[in-house]
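Visitor: Hi! Could you walk me through this one, starting with how charged side chains pair up?
Guide: Happy to, let's look together.

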Amino acid sequence: MENYIDDSRIHEGHRQRMRAKLLSHGQRIFDTYELLEMLLYHVIPYKDTNPIAKKLLATFGGLDGVLSAERDALTSVSGVGERTADFLMAVGELSGILGAEFMPECAEDFSNYRAVGHYLTEHFKNETKPSVVVLLLDNNMRLIGKKTIYELDYSSAGVRPKAFMDAAVGVRASVVISAHNHPHGPFCPCEGIG
């Protein structure tokens, strides 16, 4: 038979190869969907988790979105049952705890203007390019994420609200604080930004 591939054996040994690759090279060489695929091995033992990982990432816009999604939203994705949804939610909760331990700024209080101003002044202190950053806070005004939305030049066409919404929804932020720096000029609005 010409050019025949036995589909029943095409994935044989795939999980072992992925684990070996992870042990040999570390996580940096993997795409996000591959890391999520391997995470799903622990709750989906006998099914190809690659398409499920890709569907999850496409549905929720990234790993942060997957790990912060609600159970009903997760189970609405084909291939994700309640057990898998519970597992992903637990990993999301754990990553939030670990994030707070490894990012000391997560323990800071952002409930007053002075604290926010101090934090942002320190953040922008060594920046040489104009940029817009968002601080993503939970209901208790604790930092759960920080993202540079734009690095700008003076011919910029402005800032798009969708980028702010995507950042906030991705981590289920209750409060979003945005700030823009002026590394080489006066503290007045830049033309074309806003």
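Guide: First, a term we need: a salt bridge is a side-chain nitrogen of Lys or Arg within 4 Å of a carboxyl oxygen of Asp or Glu. Keep in mind that this is a predicted model.

Visitor: Thanks! How do K125 and E122 meet?
Guide: Their side chains form a salt bridge, at 2.9 Å from N to O. K125 is exposed, at 52% relative accessibility, while E122 is partly exposed at 40%.

Visitor: And how many salt bridges does the structure hold?
Guide: It has 3 salt bridges.

Visitor: Which residues are linked in a network of salt bridges?
Guide: R71, E82 and D86 are. The R71 and D86 side chains meet at 2.6 Å, N to O. R71 is in helix α5 and D86 in helix α6, so this pair ties together parts 15 residues apart in sequence.

Visitor: What about E82 and R71?
Guide: Their side chains meet in a salt bridge at 3.8 Å, N to O. E82 sits in helix α6, residues 82-102, and R71 is 11 residues away in helix α5.

Visitor: Is E82 buried or exposed?
Guide: E82 is exposed, with a relative accessible area of 52%. R71 is partly exposed at 30%, and D86 is partly exposed at 35%.

Visitor: Changing topic: where is S68?
Guide: S68 is in the loop between α4 (63-67) and α5 (71-75).

Visitor: Why does S68 count as buried?
Guide: Because its relative accessibility is 10%, and buried means under 20%.

Visitor: What is S68 in contact with, leaving aside neighbours within four places in sequence?
Guide: S68 is in contact with G170, V171 and R172.

Note on methods. Residues are numbered from 1 along each chain as its sequence is written. This is a predicted model: local features need pLDDT of at least 70, side-chain atom pairs count only at pLDDT 80 or more; totals for chains, interfaces and linings use all residues. Side-chain values use heavy atoms; hydrogens and water are left out. Helices (H or I, at least four residues) and strands (E, at least two) are DSSP runs, numbered from the N terminus. Buried means under 20% relative accessible area, exposed over 50%, partly exposed in between (1.4 Å probe, protein chains only). Contact means heavy atoms within 4.5 Å.
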